[in-house]
Amino acid sequence: MSGTVEAKLATLGITVPVANPPVANYVPTVISGNQLWISGQISAADGKPIAGKLATADDIAHGQTAARACAINLMAQMKAALGDLDRVKRIVKLVAFVNSAPDFTDQPKVVNGASDLFVEAFGDAGRHARSAVGVAALPMNVSVEIDAVVEFV
């Protein structure tokens, strides 16, 4: 049934936005076989970056909000490429970059903001392999950027 995933998201108060266009010389998605490869999506909501370097345990909640925004933007790209989020068979892999101070080591907790949302939206099909990497800087000083590989039908 079309619209099942978006109905679940609506119960969470989430409306999938229109996918952001690329800002440089790349494409937002590539389809290869039954896999959708999605370029990195930054932490932004309502057209505004969710920014800032994460430095202490007090920053984890901010980072989780930023990662959740990345997940929503990834779903926007999925919908733009596939036409319907119900075509997603599995979230295969996430690679997450967290704008963090050198001694910040809670990147996995931050990225749970995205991972948890994918499981809420897609159930077991939302469980995925992932990497959570701390980096010195991200575009526009955003807090998180995440790319994804998705299997679809």
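## A buried glutamate

In this predicted model, glutamate 145 lies in strand 7, which covers residues 144-152. Glutamate 145 is buried, yet it forms no salt bridge. Lysine 53 carries the nearest side chain of opposite charge, and it is 13 Å away.

Which residues does glutamate 145 touch, not counting residues up to four places away in sequence? They are Gly40, Gln41, Ile42, Cys70, Val95, Ala96, Phe97, Leu138 and Pro139.

## The largest nonpolar core

In soluble globular proteins, nonpolar side chains tend to be buried together. The largest nonpolar core of this model has 39 residues, and those touching the most other members are Leu9, Met75, Met78, Phe118, Phe122 and Ile146. Two or more residues come from each of helix 1 (4-11), strand 2 (35-42), helix 2 (60-82), strand 5 (88-99), helix 3 (107-122) and strand 7. With twelve residues, helix 2 gives the most to this core.

Leucine 9 shows what such contacts involve. Apart from neighbours within four places in sequence, leucine 9 is in contact with Ile14, Val16, Met75, Leu85, Leu117 and Ala121.

Where are nonpolar residues found in a surface patch? Val27, Val30 and Trp37 together make a nonpolar patch of about 280 Å². One of these residues, valine 30, belongs to strand 1, which spans residues 29-32. Valine 30 has a relative accessible area of 42%, which means that it is partly exposed.

Notes
Residues are numbered from 1 along each chain as its sequence is written. This is a predicted model: local features need pLDDT of at least 70, side-chain atom pairs count only at pLDDT 80 or more; totals for chains, interfaces and linings use all residues. Side-chain values use heavy atoms; hydrogens and water are left out. Patches are made of residues with over 30% relative accessible area and no salt bridge: like charges are joined within 9 Å, nonpolar side chains (Val, Leu, Ile, Met, Phe, Trp, Tyr) within 5 Å. Accessible areas come from the Shrake-Rupley method with a 1.4 Å probe; for residues, only the protein chains shown count as cover. A salt bridge is a side-chain nitrogen of Lys or Arg within 4 Å of a carboxyl oxygen of Asp or Glu. Helices (H or I, at least four residues) and strands (E, at least two) are DSSP runs, numbered from the N terminus. Buried means under 20% relative accessible area, exposed over 50%, partly exposed in between (1.4 Å probe, protein chains only). Lys and Arg count as positive and Asp and Glu as negative; His and the chain ends are not counted. Contact means heavy atoms within 4.5 Å. A nonpolar core is a set of buried Ala, Val, Leu, Ile, Met, Phe, Trp, Tyr and Cys residues joined through side-chain atoms within 4.5 Å.
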